[in-house]
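Subject: The structure we talked about

Hi there,

Here is the structure I promised to pass on to you. Please open it beside this email, and then read on for what turned up.

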Amino acid sequence: MVKICCIGAGYVGGPTMAVIALKCPKITVSVVDISSPRINAWNSDQLPIYEPGLEEVVKKCRGVNLFFSTDVEKHVSEADIVFVSVNTPTKTQGLGAGKAADLTYWESAARMIADVSKSDKIVVEKSTVPVKTAEAIEKILTHNAKGINFQILSNPEFLAEGTAINDLYNPDRVLIGGRETPEGKKAVQTLKDVYAQWVPVDRIICTNLWSAELSKLAANAFLAQRISSVNAMSALCEATGADVSQVSHAVGMDSRIGPKFLNASVGFGGSCFQKDILNLIYICECNGLPEVANYWKQVVKVNDYQKCRFVNRIVSSMFNTVSNKKIAILGFAFKKDTGDTRETPAIDVCNGLLGDKAMLSIYDPEVSEEQIRRDLSMKKYEWDHPRHLQPISPTDIKQVEVTSDAYKATKDSHGVCILTEWDEFRNLDYKKIFDNMQKPAFVFDGRNVVDTEELRKIGFIVYSIGKPLDAWLKDMPAVA
Ligand code: NAI
């Protein structure tokens, strides 16, 4: 019976292994992590991450052929295939700080695999890593190998949070990169056989190692670039009176472009896009390609511009000051159907408003108060380290309250900012909200979820990204 072990029980390791266990009942899957609170949560009724459909899969397999454990060494030593799905944060210090990937966790996982292994293993890169990481990992493993044969594969994960289970059931493609030697090809085939138990073989692509590593960075860069492109258009729409929804609909009807990922918003977030593009930029610079690096840099710059523009719209439309004004923040997760707040635009928007001394009342259906307070008090990139290495307790930010529903958050507020496209924000009783707010009452829709005209009829002054401006906002500068 094949034994799989995955190092890292996070947003990728947990769901991916749960689906492998479900689809491959003859394989034993162990997910290990250095964080005992995380493993305890995976073994409890309250899973550490929210993901539609995940709980059902875990409940079906846990204790049968899916196990969560902190005994990293035991499970790694027993496994035939070891997936590594640990954090790969942006470096904060030293060479490449602010851009390059910090491979500390990866390297320590590789050294541990070499230390505890007593039999041949296939080691699979699941984390998103810089191109040529496999080569470095291979060196660590083979220099410490004690006669054991390690084959390194790159198998980047393309799931999207919020739809992870469905993405894992029906992936657009599974990508496996390996060495083009007989042993390398055999290892690729072994992993292909695992996926082929539920993924059509024509969707399993096999490439060389570097193509697989670079494809993941390239895919995230292309996706983020679409968002920055439509967001750049949204600023032009506001300046000219065009409607960005109409523009992106017309553009997306072109079959060469396609309609997905063309929604204007307050900006992209999530743990991957910015980190992976910064990493790509660094790789381009290291390879003497400054023009290519600068091209991708602009994608991140436009994203920052969009968040900044949104904050400035809020402040400038409220008479150039939000000092001591209550502002409701609806949504804190980086997108709907996840509780993940890593790099969520809400952090920058809230910090921007706090910098102008606003009083914030925040509501998100899936994000805890503790998480929100941590996020607002953490330094850049601290969030992407294992939990036990992050600051212990969040500093209390007095200007922030976290509420249990949207009506409490908006009561007596001057403005409402919608920062996550949760479905429930489409169907709120906006008349009731309006009646309980200070006047003039503002709505700043960072996700284009509300019916702008309906809200204007109620009496709100509404700003929706990339839509024709309210008369109130027309003379206010978008960027101070
Ligand atoms: P995560 O932070 O949720 O999980 C990583 C886990 O690894 C943590 O629980 C941490 O405690 C553990 N860990 C770190 N070092 C360890 C070690 N030496 N031994 C055992 N456990 C260790 O991160 P997430 O989101 O699962 O991402 C993992 C990788 O997958 C990253 O490289 C990311 O870029 C990539 N990725 C993430 C996607 C996402 O949607 N979150 C999608 C595709 C790829």
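A residue is called buried when its relative accessible area is under 20%, exposed when that value is over 50%, and partly exposed in between. By that rule Asp340 is buried, because its relative accessible area is 2%. Please keep in mind that this is a predicted model.

**Salt bridges**

The general idea is simple: side chains of opposite charge can pair when their charged atoms come close. The structure holds 27 salt bridges, and a few of them are worth a look.

Find helix α14, which covers residues 369–377. Arg374 and Glu370 are 4 residues apart in helix α14, so about one helical turn separates them. Their side chains meet in a salt bridge, at 3.4 Å from N to O.

Glu78 forms a salt bridge with Lys74, with 3.7 Å between the closest N and O atoms. Here Glu78 is partly exposed at 37% relative accessibility, and Lys74 is partly exposed at 38%.

Salt bridges can also be linked to one another: Lys99, Glu285 and Lys297 are joined in a network of them.

**Nonpolar cores and a surface patch**

The largest nonpolar core has 60 residues, and the members that touch the most others are Phe310, Ile327, Leu353, Leu360, Leu376 and Phe460. Helix α13 (residues 345–355) gives the most to this core, with 6 residues.

To see how such a residue is surrounded, click on Ile327. Leaving aside residues up to four places away in sequence, Ile327 touches a list of residues that includes Ile314, Met318, Val322, Leu353, Leu360 and Cys417. A second, separate core has 42 residues, among them Val19, Val29, Ala187 and Val194.

Nonpolar residues turn up on the surface as well. Val247, Val251 and Ile257 form a nonpolar patch there, and together they have about 180 Å² of accessible area. Val247 lies in helix α10, which covers residues 244–252, and Val247 counts as partly exposed at 30% relative accessibility.

**Cysteines**

How many disulfides are there? The count comes to 0. A disulfide needs two cysteine sulfur atoms within 2.5 Å. The sulfur of Cys61 is 9.9 Å from the closest cysteine sulfur, in Cys24, so the gap is too far for a bond. Cys237 is in no disulfide either, and its nearest cysteine sulfur, that of Cys308, is 19 Å away. Is Cys61 buried or exposed? Cys61 is buried, at 4% relative accessibility, and Cys237 is also buried, at 4%.

One more cysteine to visit is Cys284, in helix α11 (residues 273–286). Cys284 is buried, with a relative accessible area of 9%. Not counting residues up to four places away in sequence, Cys284 touches Leu289, Val292 and Ala293.

**A buried spot in a loop**

Last, please look at Ala333. Where does it sit? Ala333 is in the loop between β9 (326–330) and α13. Ala333 counts as buried, because its relative accessibility is 0%. Apart from residues up to four places away in sequence, its contacts include Thr338, Gly339, Asp340, Asp364, Leu419 and Trp422. For a distance across the model, compare Ala333 with Asp172: they are 161 residues apart in sequence and 25 Å apart in space, C-alpha to C-alpha.

Best wishes

Note on methods:
Residues are numbered from 1 along each chain as its sequence is written. This is a predicted model: local features need pLDDT of at least 70, side-chain atom pairs count only at pLDDT 80 or more; totals for chains, interfaces and linings use all residues. Side-chain values use heavy atoms; hydrogens and water are left out. Patches are made of residues with over 30% relative accessible area and no salt bridge: like charges are joined within 9 Å, nonpolar side chains (Val, Leu, Ile, Met, Phe, Trp, Tyr) within 5 Å. Accessible areas come from the Shrake-Rupley method with a 1.4 Å probe; for residues, only the protein chains shown count as cover. A salt bridge is a side-chain nitrogen of Lys or Arg within 4 Å of a carboxyl oxygen of Asp or Glu. Helices (H or I, at least four residues) and strands (E, at least two) are DSSP runs, numbered from the N terminus. Buried means under 20% relative accessible area, exposed over 50%, partly exposed in between (1.4 Å probe, protein chains only). A nonpolar core is a set of buried Ala, Val, Leu, Ile, Met, Phe, Trp, Tyr and Cys residues joined through side-chain atoms within 4.5 Å. Contact means heavy atoms within 4.5 Å.
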